[in-house]
Amino acid sequence: MLSDSRPPAPAPGWRMLLRMTRPGFLLLTAAACILGMAFAWACGCGFDVPKAAATLVLAVVAHAGANVLNDYHDARNGADAANQQGLFPFSGGSRLIQQGLVSEADTGRWAALLLLVLVPAGLLLALHSGGGLLLIGMAGLFLAWAYSAPPLALMSRGLGELAVGLAWWLIVLGADYVQRHQFFIIPAVTAASFALLVVNLLLINGFPDAPADAQVGKNTLVVRLGARRAAWLYLALALLAHGWLALAVWLLIPPAAALWGLASAPLSLAAAALLLRHASEPQRLRPAIALSVAAPLVHALALAAGLAASAH
């Protein structure tokens with residue numbers, strides 16, 4: 001960790017605690033929950049409003065805790081302090097520790113509290129939904145920890161992007177499971193397209209951060225592959241995500257209305273074109289990153305709307 005001669009940061013109030021969670025990014029989790037619930041609704045499994053609300057709250061808290069934990073470990077490993085090229089608010093963390101607004105210790109304590117509160121709350125929801133939710137919850141907590149924290153620190157091994165995509169795939173499955181009370185192949189197969197777009201979001205966010213990440217040994221996919229190959233990987237994943245959804249519909253796994261999810265294809269392809277053009281100029285990637293943020297949101301919500309429209 002880099003030395004810091006600044007005066008101690010004050011104890012965070014509730015507004016600062018909220019800022020530490022990076023609330024704007026929590027919309028992605030809300031969209032994943034809506035998608036999972038839409039799968040259950042389309043299959044005629046009903047809709048339990050209290051359990052849906054509990055699912056949304058727990059998933060958002062889990063995402064918030066993972067964000068805060070990531071800021072804590074990126075402060076400890078020096079990545080955020082070294083990062084002078086991040087495109088805030090998309091990359092480079094919340095910057096609150098680096099600005100002296102919160103302490104590293106308070107950040108660690110807030111992350112621990114957010115993640116630990118999920119244990120009793122998740123157990124309670126599982127009692128009313130089924131034991132399979134425990135498996136999803138344990139896997140999600142493991143990924144939240146393993147992404148940032150040593151000794152695994154998947155974000156530093158070129159596995160962070162995959163881990164995050166898997167985590168959001170589990171959110172969709174969990175939201176469906178709470179309503180359905182069992183695992184089902186349709187959401188498991190179809191939600192892979194959404195997960196791939198989440199992988200792309202993490203991938204493109206790594207471009208402006210790559211010089212600082214490489215400096216501290218945080219070997220993201222962009223650091224490992226280099227900017228040009230990582231940009232081609234982004235295009236391949238964008239094509240795979242939308243091609244996978246089309247293939248799933250052709251195989252009669254989800255209903256044809258699931259093709260509404262292809263509404264995100266122009267966003268992903270436009271982002272890919274910008275990324276291929278400016279891969280070596282990360283400061284010009286803000287529009288491409290914004291499109292990459294919008295793509296999984298549009299994909300999840302359009303796919304959910306299509307599923308809801310197909311419900312009998």
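Begin by selecting Ile 185, which lies in helix α9 (residues 185-190), where helices are DSSP runs of H or I with at least four residues, numbered from the N terminus. This is a predicted model, in which local features need pLDDT of at least 70 and side-chain atom pairs count only at pLDDT 80 or more, while totals for chains, interfaces and linings use all residues. Residues are numbered from 1 along each chain as its sequence is written, and side-chain values use heavy atoms, leaving out hydrogens and water.

Ile 185 counts as exposed because its relative accessibility is 54% (exposed means over 50%, buried under 20%, partly exposed in between, with a 1.4 Å probe and protein chains only).

Next, select Leu 35, Trp 168 and Phe 194, the residues with the most contacts inside the largest nonpolar core, which has 61 residues (a core is a set of buried Ala, Val, Leu, Ile, Met, Phe, Trp, Tyr and Cys residues joined through side-chain atoms within 4.5 Å). Helix α8 (residues 160-180) supplies the largest share of this core, eleven residues. Around Leu 35, not counting residues up to four places away in sequence, the residues touched include Val 172, Phe 194 and Leu 307, contact meaning heavy atoms within 4.5 Å.

Finally, move to Phe 90, Leu 197, Val 222 and Tyr 234, which are among the 25 residues of a second, separate core.

Definitions and conventions:
Helices (H or I, at least four residues) and strands (E, at least two) are DSSP runs, numbered from the N terminus.
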